[in-house]
Amino acid sequence: MQGPSRQHVIAFVDLDYFFAQVEELERPELADKPLVVCVYSGRTPTSGVVSSANYLARSYGVKAGIPIIRAMKLLPESAVFLPARMQLYQEVSGRVMAILGEYADSIRIESIDEASLDITGRVEGDFSRAHHLVRSMKERLRGSLGLKCSVGVAPNRVVAKLAADTSKPDGLKIVRPEEVDTFLAPLEVGKLPGVGVKLGKMLAETGVKTIGDLANLPIETLIGIAGSKRAIYLKLAAQGRFEERISGRVERRQYSRILTLKRDTSDVDEVMAELEPVIGELWERLLKSGLRARVLGLHIITSQLKTITRQKAIHPSLEDVKKNVRELLTELIAAEPDIVIRRAGVRFSSFLKMSGQSSLTSFTANNH
Ligand code: DCP
Ligand code: CA
Ligand code: CA
């Protein structure tokens with residue numbers, strides 16, 4: 001196989017039955033029941049579609065996209081139907097992505113529950129080290145958030161994604177450079193990203209059933225079916241040679257704001273009332289630049305002009321930031337009962353640059 005001088009190591013992470021898994025975590029008593037998360041249209045009490053189903057519900061034939069009514073017919077009485085809580089899933093997704101970012105040279109958020117990680121530098125191009133790294137990353141996600149995911153590791157993103165797909169659930173599949181061909185060849189062609197139902201049918205008519213068949217199809221034939229631009233991607237992807245740059249980087253800049261309070265005070269609520277809008281604005285600016293902060297700094301100047309700072313690792317959500325600022329303030333005041341605050345500010349640092357999908361809100365807006 002030909003390729004770049006240094007072999008890339010890409011990990012593709014996909015959370016298992018994501019929305020349903022989050023609901024299970026919220027309510028552990030549901031874990032042994034068929035669980036279906038629904039997007040209700042509101043027209044009638046049962047109209048709408050299934051958004052995510054746990055593996056037990058799937059064993060009855062329930063899957064994303066089918067009408068809720070159908071799922072009700074397929075499932076036994078014990079099944080639980082819950083309305084989707086998008087904000088909660090976004091919140092959890094943010095936490096997941098922040099953790100994943102710690103393990104990568106760069107990260108691309110592919111969707112609310114998927115990310116591609118370039119880990120080449122982290123593991124110095126070594127697939128055995130990649131195995132170790134991904135194992136500890138999976139354990140970390142399980143330990144800190146309780147979440148299971150499936151991860152594929154391969155020399156490029158397309159193969160890594162396919163590896164993740166084939167390892168579901170709670171899987172880890174490594175496809176080394178020399179294994180790419182034998183891994184891809186037998187897979188159904190419809191599994192290849194970019195091959196939808198329509199293209200899949202046209203390919204089947206020319207006798208292409210597997211990714212291996214596609215890799216061997218003469219490029220002229222493929223151009224005839226898919227057009228030249230798509231044909232080139234398909235050919236390279238099927239051969240396991242489609243290379244992409246995963247470009248989100250961890251940034252070193254800082255974003256900070258400090259303000260002088262309307263009056264000196266030792267009251268947490270009073271400080272928060274003035275600080276919250278400033279935090280909100282700053283956070284908004286970060287999001288617009290596609291950044292997520294992983295460290296929060298609190299900066300206090302007392303009426304005696306003494307400076308106090310505190311730092312804390314945070315989960316990248318505005319709610320979490322506000323909660324942590326309040327906690328830090330409360331601790332600070334408890335530790336120094338005589339403190340009178342004159343100026344207060346926050347500083348964000350240790351950024352994760354999110355590429356691909358700059359904000360998760362856009363995912364929801366497009367999909368629901
Ligand atoms: N989703 C949705 N409607 C769809 C497909 C997905 O609302 N038709 C949402 C719910 C899923 C999430 O996106 O939980 C992620 O989609 P996946 O396709 O990755 O599906 P799951 O994570 O639910 O399951 P899997 O374990 O197969 O990844
Ligand atoms: Ca997914
Ligand atoms: Ca998933």
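Visitor: Which protein atoms count as donors of the calcium ion (ligand 2), and what makes them donors?

Guide: They are Asp14 (OD), Asp14 (OD), Asp113 (OD) and Glu114 (OE), lying 2.2 to 3.2 Å from the calcium ion. Donors are N, O and S atoms within 2.8 Å of the metal, or 3.2 Å for Na, K and Ca, so these atoms qualify. Water is not among the atoms, so the site may look incomplete. This is a predicted model, in which local features need pLDDT of at least 70, side-chain atom pairs count only at pLDDT 80 or more, and totals for chains, interfaces and linings use all residues. Residues are numbered from 1 along each chain as its sequence is written, chains are lettered from A and ligands numbered from 1 in the order in which they are written, and side-chain values use heavy atoms, with hydrogens and water left out.

Visitor: What does Asp14 bridge?

Guide: Asp14 bridges the calcium ion (ligand 2) and the calcium ion (ligand 3), which lie 3.4 Å apart. The pair links distant parts of the chain: Asp14 is in strand β1, and Asp113 is in the loop between β5 (106-111) and β6 (114-118), 99 residues away. Strands are DSSP runs of E with at least two residues, helices runs of H or I with at least four, both numbered from the N terminus. The donor spacing in sequence is D-x98-D-E.

Visitor: Are Asp14 and Asp113 buried or exposed?

Guide: Both are buried, which means under 20% relative accessible area with a 1.4 Å probe and protein chains only; over 50% is exposed, and in between is partly exposed. Asp16, in the loop between β1 and α1, is at 0% relative accessibility and therefore counts as buried. Ala104, in the loop between α4 and β5, has 8% and so is buried too. In the whole protein, buried residues make up 49% of the 368 residues.

Visitor: Which parts of the chain supply the shell around ligand 1?

Guide: β1 (10-15), α1 (18-26), β3 (48-53) and α2 (55-58) each give at least two residues. Of the 14 residues around the ligand, Tyr17, Phe18, Ser51, Ser52 and Arg58 come nearest; to be near, a residue needs a heavy atom within 4 Å.

Visitor: How do you know that the span of helix α4 agrees with its number of residues?

Guide: The expected span is 1.5 Å times one less than the number of residues. The 17 residues of α4 (residues 86-102) should therefore span 24 Å, and the end C-alpha atoms are 25 Å apart, which agrees. The helix is mostly covered, with 12 of its 17 residues buried, among them Met86, Tyr89 and Val92.
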